[in-house]
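Let's take a walk through this structure together. Have the coordinates open and follow along.

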Amino acid sequence: MLTLAQFAEQQKHRGHRIFLHEGVYWNMVYPFYCKPAFIYKPFDRGESRPPRLRSLLGYDHMVRRPEEGNQWRSWMVLEGENLSSFGLSRLPSKKRNQVRRGLEKCEIRPITDIERNIERIWEISFAAACRHEDMGRALSPASNFVRDAEKWKQRAREEHAFPGRDWWGAYVDGQLVAYARTHQIEEVMVFHQTRVDIAFSKCYPMDALYFTILEKASQDPACKRIFNGKPMQPSLNHYKGEFLFQAVRFPCYFSHARFTEMAKKCLPGYWRWVR
């Protein structure tokens, strides 16, 4: 588990433009636009603002009460009783069977030796990038994975070395076939990335990974809420829902709400950074 200060320092090391102002670690995610370094922690409107010269185009953050916000954001979230009582018996019957098969066929364990797994991590990630490109959902061309393969692997090594960043792997006959990356900042856990080799889909490695990570989190009294991306295509939302995640709306305050709405419509490249 990380503190906010530790997380901010790691993000700064990764190249993010992080600075502390009025008790909040801010991140300049785009020239003259700021968000908190850890976007999932709400605070009151007006409690903290980034310096004006660093946020000429605005800033946004999650707020505690709906009346303080002027927009909403949605995430897939596991919290409350769904988290505290998470277990095999809470899952739908079909998913229970898939999890059992996954746990029988796969060995789930933390990835402690990045060098022994780095090639498979890259291969699985590259295959996922190709699939996303074919479906029109890629943020960058899959060919970048080949061109920048060594840089990508070095970044993975550096991120694996950060304390508090958890890498979990699913292994079949000693071979890595799926992995998940999570981190927990104070009481909030975040799924950062999940990838699977679809050639091993009948071994249900991702089901076994999800269940193992979530069961462990449910037994941690410090973990109160888990974020797992935004609601996306129905099939992915349904998959997460089988593990008790629900789409939840959170109030947010945008300092330049009209401007960001215009950017959303007219400047999609800019909006990808802002949101």
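Predicted model: local features only at pLDDT ≥ 70, side-chain atom pairs only at ≥ 80, totals over all residues.

**Starting at R54**

Residues are numbered from 1 along each chain as its sequence is written, and side-chain values use heavy atoms, with hydrogens and water left out.

So where does R54 sit? You'll find R54 in the loop between β3 (33-36) and β4 (58-62); strands here are DSSP runs of E with at least two residues, helices are runs of H or I with at least four, and both are numbered from the N terminus. Leaving out residues up to four places away in sequence, R54 touches F19, M28, F32, Y33 and C34, contact being heavy atoms within 4.5 Å. N27 is 27 residues from R54 along the chain, and their C-alpha atoms are 9.8 Å apart.

Now zoom out. The protein chain has 10 helices and 11 strands. Its radius of gyration, taken over C-alpha atoms, is 19 Å, close to the 19 Å from the globule rule (2.2 Å times the number of residues to the power 0.38) for 275 residues, so the chain is as compact as a globular protein of that length. The C-alpha trace spans about 55 × 45 × 35 Å along its principal axes, and 46% of the 275 residues count as buried. Of the contacts between residues at least 6 apart in sequence, 66% join residues at least 24 apart.

Next, look at helix α7 (residues 205-218). Among the buried ones are P205, Y210, F211 and S218.

Finally, there is 1 cavity of 30 Å³ or more. A cavity is a set of points on a 1 Å grid over the protein atoms alone where a 1.4 Å probe fits but cannot get out, and lining residues have an atom within 4 Å of a point. The lining of the largest cavity consists of E159, R165, D166, W167, R181, T182, H183 and H192, with β7 (165-172) and β8 (175-185) as the elements giving two or more residues.

Key. 1 Å grid on protein atoms, 1.4 Å probe; cavity = no way out; pocket = protein on both sides within 12 Å on 5 of 7 lines; lining within 4 Å. Points joined across faces, edges and corners; volume = space filled by probe spheres on them. Buried < 20%, exposed > 50% of the residue type's maximum accessible area, 1.4 Å probe, protein only.
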